[in-house]
Amino acid sequence: ERTGKKQLRVYYTNANGLMNKLSELKIIIDSENIDIACITETHFHKEILDAEINLPGFTVYRGDRNFKLDRTIKKASEISEGGGSVIYVKNHIATVEESHHSSHDSTSVTIQTEEKQNFSE
């Protein structure tokens, strides 16, 4: 039970493709009162617009894999068939996106909090 205590409810999953599972994710987020959802293997790429993946009441941070590794010839092509990550953060939580690290399809955010901030709304 979340009775006035400072708590963050964080959800993580490997989606193995998120586009066709966004409505299921929305149900989970709503029913479990999730504050932050971290999803890997979204299979998102640059052709997918933010408007297509936005969830009401959340800020979205995404790291798409805009290349595909051909492991047989060790070469990267243009569009991904996998990878990617996304972080959904409730709008009332102050966040700043961190710069991407060495991996092109990872995402990180900094959660800025005040000592008295109550994450539950």
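The model before you is predicted, so local features need pLDDT of at least 70 and side-chain atom pairs count only at pLDDT 80 or more, while totals for chains, interfaces and linings use all residues. Residues are numbered from 1 along each chain as its sequence is written, and side-chain values use heavy atoms, with hydrogens and water left out.

The strands β1 and β2 run parallel and are joined by 5 bridges; two strands pair if DSSP finds at least two bridges between them. Helices (H or I, at least four residues) and strands (E, at least two) are DSSP runs, numbered from the N terminus. Both strands belong to an open sheet of 4 strands with mixed pairing, in the order β1-β2-β6-β3. Because β1 and β3 stand at the edges, each with a single partner strand, one side of each is left without a neighbour in the sheet. From one strand to the next, the twist averages 10°, where axes are lines fitted to C-alpha atoms and angles run from 0 to 180 degrees between N-to-C directions.

For the chain overall, the secondary structure comes to 2 helices and 8 strands, in the order β-α-β-α-β-β-β-β-β-β from the N terminus. Of its 121 residues, 35% count as buried; buried means under 20% relative accessible area, exposed over 50%, and partly exposed in between, with a 1.4 Å probe and protein chains only.

Which residues of helix α1 are buried? They are L22, L25 and I29, in a helix that spans residues 22-31. Seen down the axis of α1, the buried residues fall within an arc of 55°, so they line one face of the helix; the arc is that of the directions from the helix axis to the C-beta atoms. The face turned away from this buried side carries the exposed residues S23, I27 and S31. The cover over the buried residues of α1 includes β1, β2, α2, β3 and β6. After α1 comes N33, with a positive phi near 50°.

T95 is buried, at a relative accessible area of 18%. Setting aside residues up to four places away in sequence, T95 touches Y61, V89, T110 and I111, contact meaning heavy atoms within 4.5 Å. The side chains of T95 and Y61 are also joined by a polar contact of 2.3 Å. A polar contact is a pair of N or O atoms within 3.5 Å; within protein, one must be able to donate a hydrogen and the other to accept it, and residues adjacent in sequence count only if both atoms are side-chain atoms.
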